[in-house]
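I opened my notebook for a friendly look through this one. Here are the entries, in the order I made them.

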Amino acid sequence: MKPAPFAYVRPDSVAEACEILAADEDARIIAGGQTLIPMLAMRLARPTKLVDIVRLKELRGIRSEAGAIVVGAVTRQVEVERSELARGALPLLMKALPYVGHPPTRNRGTVGGSIANADPSAEIPLVAVTLGAEIEIENSGGRTSMPADEFFIGAMVTSVMPGDCVAAVRFPVWSQPRLGTGFHEVSARQSDFAFVAAAAQVALDEDGRCIDAVVGLGGVGDRAQRIDVSALVGQDVARFPVSELIRSATEHLEANSDLHVSADYRRRAAAALGARALEDAIAEARAAGGVVQ
Amino acid sequence: MKVTLKVNGRLRTADVEPRKTLLDTLREDFLLTGSHAGCEHGVCGACTVLIDGEPSRACLMFAVQADGYEITTIEGLAPAPGELSVVQDAFCETHGLQCGYCTPGMILSAHALLEHNDAPTREDIVEAISGNICRCTGYGQIVEAVEFAAERLRKTNAPRNVTGGSDDEPSIDPAAEAGAREGGVLEAAATRQGGRQ
């Protein structure tokens with residue numbers, strides 16, 4: 001359980017980090033290291049060089065910006081958990097974070113690290129896809145951004161190219177007063193990798209009609225995905241057959257089998273947890289002030 | 001690479017390969033073997049240390065990344081040589097350890113929890129130690145130990161300072177040698193070596 005030798009550099013800026021990464025294809029970024037170091041220890045990854053970006057101030061912090069909360073890539077997961085700003089504006093992310101690893105790994109693990117790692121069962125990528133977040137990427141050409149749905153390609157595969165550095169995640173903020181969220185997952189042990197995870201966010205008008213609804217699933221296939229719940233929009237949620245909607249939306253999902261659970265189990269769990277997450281979100285939105293604020 | 005780390009209040013330097021984990025550096029270079037090497041890939045929690053007061057896995061950080069942080073190991077918890085911290089003592093009282101392998105990690109996780117929550121619920125405790133595996137499966141007594149420590153800390157809401165100084169000052173064992181304070185008096189191991197005979 002000892003990593004193979006590598007060189008270690010700690011650049012002073014993102015620009016310098018990108019330069020180093022562009023010059024050496026086998027160099028890798030390290031931030032919190034909570035997934036990378038186990039992979040190094042098991043020698044599943046053998047980079048020539050680790051480029052440590054975790055102390056770059058330009059990549060740290062949580063700020064509010066035109067209808068979005070922008071979380072710097074090296075912001076630690078625990079910092080988001082403790083952030084008043086995130087608590088008020090990103091209720092779905094707040095509900096998902098306690099499922100991310102364990103408290104000690106959240107103390108070091110970063111938001112951008114979880115995004116860049118792109119584990120199919122990871123909660124932060126699931127929330128990013130569900131909410132339609134934008135991933136900001138920096139390289140020698142400057143900063144660009146890309147929808148989360150395009151960023152994630154497959155299991156541990158993203159659109160990041162050599163010389164690229166994930167710089168921030170831009171989560172859209174829903175401003176409707178009657179907002180509800182739901183998050184559920186099933187795993188072998190508490191805080192272990194999810195076999196299936198489901199996230200939902202719903203906004204209602206004062207009459208209990210759905211203004212907007214999103215549901216995302218993680219752990220089912222190679223990447224987190226949104227399912228189509230647009231039929232709910234405009235409907236009175238109290239009378240809507242939520243579980244049937246989710247069941248038909250998940251029926252033909254591509255699902256993976258592994259030594260833990262079968263593809264069939266994943267589809268069934270996706271239907272059940274998806275419905276539960278959406279029902280929770282609806283219940284929470286209905287309880288959130290009967291009158292418009 | 002040369003690294004200077006602040007461990008238990010004291011600066012220490014080691015010459016390490018970049019691939020050497022903080023855990024191995026603590027154990028091999030600084031001889032602080034209270035942090036245990038279990039799985040060495042971030043699953044078991046036996047190597048838990050506090051980094052700026054937050055429990056973290058010493059096997060999931062390289063020593064070259066660890067400069068500038070306040071690192072606390074189990075050796076840094078006892079208030080004075082021969083004494084135990086409230087949490088350590090509670091683990092003894094309630095038989096919160098069997099083989100002892102997971103204990104340093106359990107105690108540091110519990111210590112960090114009680115630093116910001118002196119009345120944790122059972123769920124808070126279970127969550128706080130959820131990243132620490134006890135292969136003796138003695139979780140019942142471990143949770144009891146943390147509950148007991150929390151109760152004691154709530155009751156003894158008084159300065160715990162053997163020299164009777166202000167609460168902000170580190171407690172100094174009266175028998176410790178002069179200069180022990182600069183040497184990191186809160187670290188029992190160091191002061192003990194320092195000549196309390």
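**Ground rules.** I worked from a predicted model, where local features need pLDDT of at least 70, side-chain atom pairs count only at pLDDT 80 or more, and totals for chains, interfaces and linings use all residues. Residues are numbered from 1 along each chain as its sequence is written, while chains are lettered from A and ligands numbered from 1 in the order in which they are written.

**Domains of chain A.** I then checked contacts (C-beta atoms, placed from the backbone, within 7 Å): 21 residues of domain 2 of chain A touch 21 residues of domain 3 of chain A. On the domain 2 side, α5 (91-96), α8 and β8 (152-154) of chain A each give two or more residues. Helices here are DSSP runs of H or I with at least four residues, strands are runs of E with at least two, and both are numbered from the N terminus. Which element gives the most to that side? I found α8(A), with 7 residues.

**Helix α8 of chain A.** I wanted to know how enclosed helix α8 (residues 123-131) of chain A is. A residue counts as buried with 20 or more other C-beta atoms within 10 Å of its own, as exposed with 12 or fewer, and as partly exposed in between, with C-beta atoms placed from the backbone. In α8(A), 9 of the 9 residues are buried, so the helix is largely enclosed by the rest of the structure. Among them are A:Glu123, A:Pro125 and A:Thr130. After α8(A) comes A:Gly132, with a positive phi near 75°.

**Positive phi elsewhere.** Most residues other than glycine have a negative phi. I noted A:Arg43, not a glycine, with a positive phi of about 60°. A:Arg43 sits in the loop between α2 (36-41) and β3 (49-52) of chain A, and is exposed, with 11 other C-beta atoms within 10 Å. B:Thr137 lies in the loop between α4 (122-128) and α5 (139-155) of chain B and is exposed, with 9 C-beta neighbours inside 10 Å.

**Chain B overall.** I listed 6 helices and 5 strands in chain B, in the sequence pattern β-β-α-β-β-β-α-α-α-α-α. Of its 197 residues, 48% are buried.

How values were computed. Contact = placed C-beta atoms within 7 Å.
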